[in-house]
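Trainee: I would like to learn how to read a protein model. Can we go through one step by step?

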Amino acid sequence: MPIVNVKLLEGRSDEQLKDLVSEVTNAVEKTTGADKNAIHVIIEEMKSAHYGVAGVRKSDQ
């Protein structure tokens, strides 16, 4: 049972997230041979204030 965890900064539309789940599922199915019904995709959206690079939060850039 493949489990894929995708972390993104918030701001994508519901349609974009729906497409992401579909495309990730298809890629995992194609590359691993796993049954589509066994593939789980978890999307974690983060606020830009909760993510930083090089000591600076994305919300402060």
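Trainee: Which residues make the nonpolar surface patch?

Mentor: General idea first. Patches use residues with over 30% relative accessible area and no salt bridge; like charges are joined within 9 Å, and nonpolar side chains (Val, Leu, Ile, Met, Phe, Trp, Tyr) within 5 Å. A salt bridge is a side-chain nitrogen of Lys or Arg within 4 Å of a carboxyl oxygen of Asp or Glu. Areas come from the Shrake-Rupley method with a 1.4 Å probe; for residues, only the protein chains shown count as cover. Here, Met1, Ile3 and Ile42 make a nonpolar patch of about 330 Å².

Mentor: Two notes on the source. This model is predicted: local features need pLDDT of at least 70, side-chain atom pairs count only at pLDDT 80 or more, and totals for chains, interfaces and linings use all residues. Residues are numbered from 1 along each chain as its sequence is written, and side-chain values use heavy atoms, leaving out hydrogens and water.

Trainee: Is Met1 buried or exposed?

Mentor: Buried means under 20% relative accessible area, exposed over 50%, partly exposed in between (1.4 Å probe, protein chains only). Met1 has 68% relative accessibility, so Met1 counts as exposed. Met1 sits in the segment before E1.

Trainee: How many helices and strands does the chain have?

Mentor: Helices (H or I, at least four residues) and strands (E, at least two) are DSSP runs, numbered from the N terminus. This chain has 1 helix and 4 strands. Their order along the sequence is β-α-β-β-β.

Trainee: Which residues form the largest nonpolar core?

Mentor: A nonpolar core is a set of buried Ala, Val, Leu, Ile, Met, Phe, Trp, Tyr and Cys residues joined through side-chain atoms within 4.5 Å. The largest one here has 8 residues: Val6, Leu8, Leu17, Val24, Val28, Ala34, Ile39 and Val41. Strand E1 (3-9) and helix H1 (14-32) are the elements that each give two or more. H1 gives the most, with 3 residues.

Trainee: What does Ile39 touch?

Mentor: Contact means heavy atoms within 4.5 Å. Leaving out residues up to four places away in sequence, Ile39 touches Pro2, Thr25, Val28, Glu29 and Ala34.

Trainee: Where is Thr25?

Mentor: Thr25 lies in helix H1. Its relative accessible area is 10%, so Thr25 is buried. With residues up to four places away in sequence left out, Thr25 touches Lys36, Ile39 and Val41.

Trainee: What share of the chain is buried?

Mentor: Buried residues are 15% of the 61 in the chain.
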